[in-house]
Amino acid sequence: MSNGRELLRLNKMPHIWCPGCGNGIITSQVLRAIQELEWDQDKTVIVSGIGCSSRAPGYLDFSTLHTTHGRALAFATGLKYANPELKVIVLTGDGDSAAIGGNHLIHACRRNIDITTIVFNNSIYGMTSGQYSPLTPTGSLATTAPYGNIDRTFDLSQLAVAAGATYVARTTTYHTNQLRDFIKKGMQNKGFSVIEAVTHCPTYFGRRNRMGGAVEMLNWQKDHAVPIRAAERLSEEELADKFIIGEFHNKPEPEYCERYAQLIANTKGQE
Ligand code: SF4
């Protein structure tokens with residue numbers, strides 16, 4: 001297998017991400033997943049919204065769309081609908097997907113359209129200097145929550161399951177092999193897939209919450225992520241400062257574009 005340089009727009013380097021940012025880890029696992037599944041570079045489209053993570057497609061040598069804030073899934077839905085032969089991946093952040101784009105997310109889940117969405121969950125709005133997002137843990141500090149965030153936190157993966165996504169999994173930038181495995185499974189699912197990648201933003205979330213640099217934040221992920229099976233044996237108190245990783249849902253259901261094609265076939269000649 002090649003080292004993947006042909007999948008990058010090297011003329012767009014250097015990238016804008018801070019030293020130690022987790023975005024590169026997730027992006028590299030997306031590229032390795034594409035390589036391992038041998039997806040056609042010319043038939044793969046990568047779509048993003050706005051935010052640090054949404055800058056990723058600009059560095060990737062595919063057909064790419066860098067769209068407006070929260071609207072990546074709306075653009076991706078149109079693309080897939082117009083040309084179901086395309087493979088469509090959405091790269092989005094926690095603010096982009098769970099706040100301004102939250103409605104698009106739940107309806108994409110509900111439709112079960114064949115798109116793989118990878119949410120870079122760094123718990124903060126990094127690009128705009130550290131405001132709290134719907135995924136900032138309750139009690140954490142942010143520029144807009146200098147005494148601690150009092151909002152309750154969304155569990156984005158559970159939201160996606162409840163809204164109808166047919167493949168949903170969560171892991172971290174520490175668990176890179178598992179991350180690639182989940183991304184591949186999401187890409188292979190003929191339906192809407194959500195992979196929540198808990199990542200580290202040393203510049204805004206880490207610094208403000210005194211978590212140290214990238215290495216300390218990766219170690220924090222290792223110490224606080226609990227696999228589903230292990231979590232079943234722990235009490236609520238033991239899980240209080242932890243989060244659960246693993247596959248939450250993997251159940252194929254009829255895919256939206258196929259259902260639409262079937263509808264057209266069924267109604268032909270009836271007008
Ligand atoms: Fe990464 Fe945070 Fe820097 Fe954005 S602000 S590039 S998320 S470290």
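1. Ligand shell. In this predicted model, the residues around the ligand are W17, C18, C21, C52, N122, G126, C201, P202, T203 and Y204. By class, seven of the shell residues are nonpolar and three are polar, with no charged residue in the shell.

2. Largest pocket. The volume of the largest pocket comes to about 740 Å³. Its lining consists of 29 residues, and L135, P137, T153, K242 and F243 lie closest to the pocket centre. Two or more lining residues come from each of the elements α5 (156–163), β6 (193–198), α8 (214–224) and β8 (243–250).

3. The lining of the largest pocket divides into 13 nonpolar, eleven polar and five charged residues. For the ligand shell, the count of charged residues is none.

4. Aromatic pairs. There are four aromatic pairs in the structure. One of them joins Y81 and Y256, with 5.5 Å from centre to centre and 45° between the planes, a tilted arrangement. The two partners are 175 residues apart, so described as a link between distant parts of the chain: Y81 belongs to helix α2 (residues 72–82) and Y256 to helix α10 (residues 256–267).

5. Accessibility of the pair. Y81 has 33% relative accessibility and therefore counts as partly exposed.

6. Aromatic cluster. Y81 and Y256 belong to one aromatic cluster together with Y260.

Terms used. Residues are numbered from 1 along each chain as its sequence is written. This is a predicted model: local features need pLDDT of at least 70, side-chain atom pairs count only at pLDDT 80 or more; totals for chains, interfaces and linings use all residues. Side-chain values use heavy atoms; hydrogens and water are left out. On a 1 Å grid over the protein atoms alone, a cavity is a set of points where a 1.4 Å probe fits but cannot get out, and a pocket is an open set with protein on both sides within 12 Å along at least five of seven lines; lining residues have an atom within 4 Å of a point. Grid points are joined across faces, edges and corners, and a volume is the space filled by probe spheres set on the points. Helices (H or I, at least four residues) and strands (E, at least two) are DSSP runs, numbered from the N terminus. Ala, Val, Leu, Ile, Met, Phe, Trp, Tyr, Cys and Pro count as nonpolar, Asp, Glu, Lys and Arg as charged, and the others, Gly among them, as polar. A residue is near a molecule or strand if one of its heavy atoms lies within 4 Å of it. Rings of Phe, Tyr and Trp (its six-membered ring) pair if their centres lie within 6.5 Å; planes under 30 degrees apart count as stacked, over 60 as edge-to-face and the rest as tilted. Buried means under 20% relative accessible area, exposed over 50%, partly exposed in between (1.4 Å probe, protein chains only).
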